[in-house]
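Biologist: Before we use any labels for this chain, I would like to hear what each one rests on. Please show it first.

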Amino acid sequence: MSEKRTRNRDFSSAECEILVDKFVQHNDILTSKHSDEINERKKHAILEDILTSVNSCGGNERTINAIKEKWQNMRRRVKVRVSYFLRA
């Protein structure tokens, strides 16, 4: 039998604010299309820094994949809202 996946708590507003601030601050490196070893190390170091900041403010331990997924979801929601208002 497969184990039932436990659901993590929602990101708090403080965690989301830190996430946005850090991703915007390091946007040029994190969205870079270059995938050489140096850039990958920089990206991983930045993601570790973001992870440490997010985990220090909240009571829930997040993973790098969780913060990356949250950032992608937040960006997607903003794009949908902007396109809705542009159509109106």
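Modeller: This is a predicted model. The radius of gyration of the chain is 15 Å, while a compact globule of 88 residues would have one near 12 Å. Along the principal axes, the C-alpha trace spans about 45 × 35 × 30 Å.

Biologist: What makes up the secondary structure of the chain?

Modeller: There are 4 helices and 0 strands, and the pattern along the sequence reads α-α-α-α.

Biologist: Why is Asn39 called buried rather than exposed?

Modeller: Asn39 has 17% relative accessibility. Buried means under 20%, so Asn39 counts as buried. Asn39 sits in helix H3, residues 37-57. Leaving out residues up to four places away in sequence, Asn39 touches Ser32 and His34.

Biologist: How much of the chain counts as buried?

Modeller: Of its 88 residues, 32% do. The chain exposes about 7100 Å², with 51% of that supplied by carbon and sulfur atoms.

Biologist: Why does Leu86 count as exposed?

Modeller: The cut-off for exposed is over 50% relative accessible area. Leu86 has 69%, and therefore counts as exposed. Leu86 belongs to helix H4, residues 64-87.

Biologist: Which residues form a nonpolar patch on the surface with Leu86?

Modeller: Val78 and Val82 do, and the patch has about 300 Å² of accessible area together. Nonpolar side chains are joined within 5 Å, given over 30% relative accessible area.

Biologist: What share of the contacts with a separation of 6 or more comes from residues 24 or more positions apart?

Modeller: Such residues account for 58% of those contacts in the chain.

Note on methods. Residues are numbered from 1 along each chain as its sequence is written. This is a predicted model: local features need pLDDT of at least 70, side-chain atom pairs count only at pLDDT 80 or more; totals for chains, interfaces and linings use all residues. Side-chain values use heavy atoms; hydrogens and water are left out. Patches are made of residues with over 30% relative accessible area and no salt bridge: like charges are joined within 9 Å, nonpolar side chains (Val, Leu, Ile, Met, Phe, Trp, Tyr) within 5 Å. Accessible areas come from the Shrake-Rupley method with a 1.4 Å probe; for residues, only the protein chains shown count as cover. A salt bridge is a side-chain nitrogen of Lys or Arg within 4 Å of a carboxyl oxygen of Asp or Glu. Helices (H or I, at least four residues) and strands (E, at least two) are DSSP runs, numbered from the N terminus. Buried means under 20% relative accessible area, exposed over 50%, partly exposed in between (1.4 Å probe, protein chains only). Contact means heavy atoms within 4.5 Å. The radius of gyration is taken over C-alpha atoms; the globule rule is 2.2 Å times the number of residues to the power 0.38.
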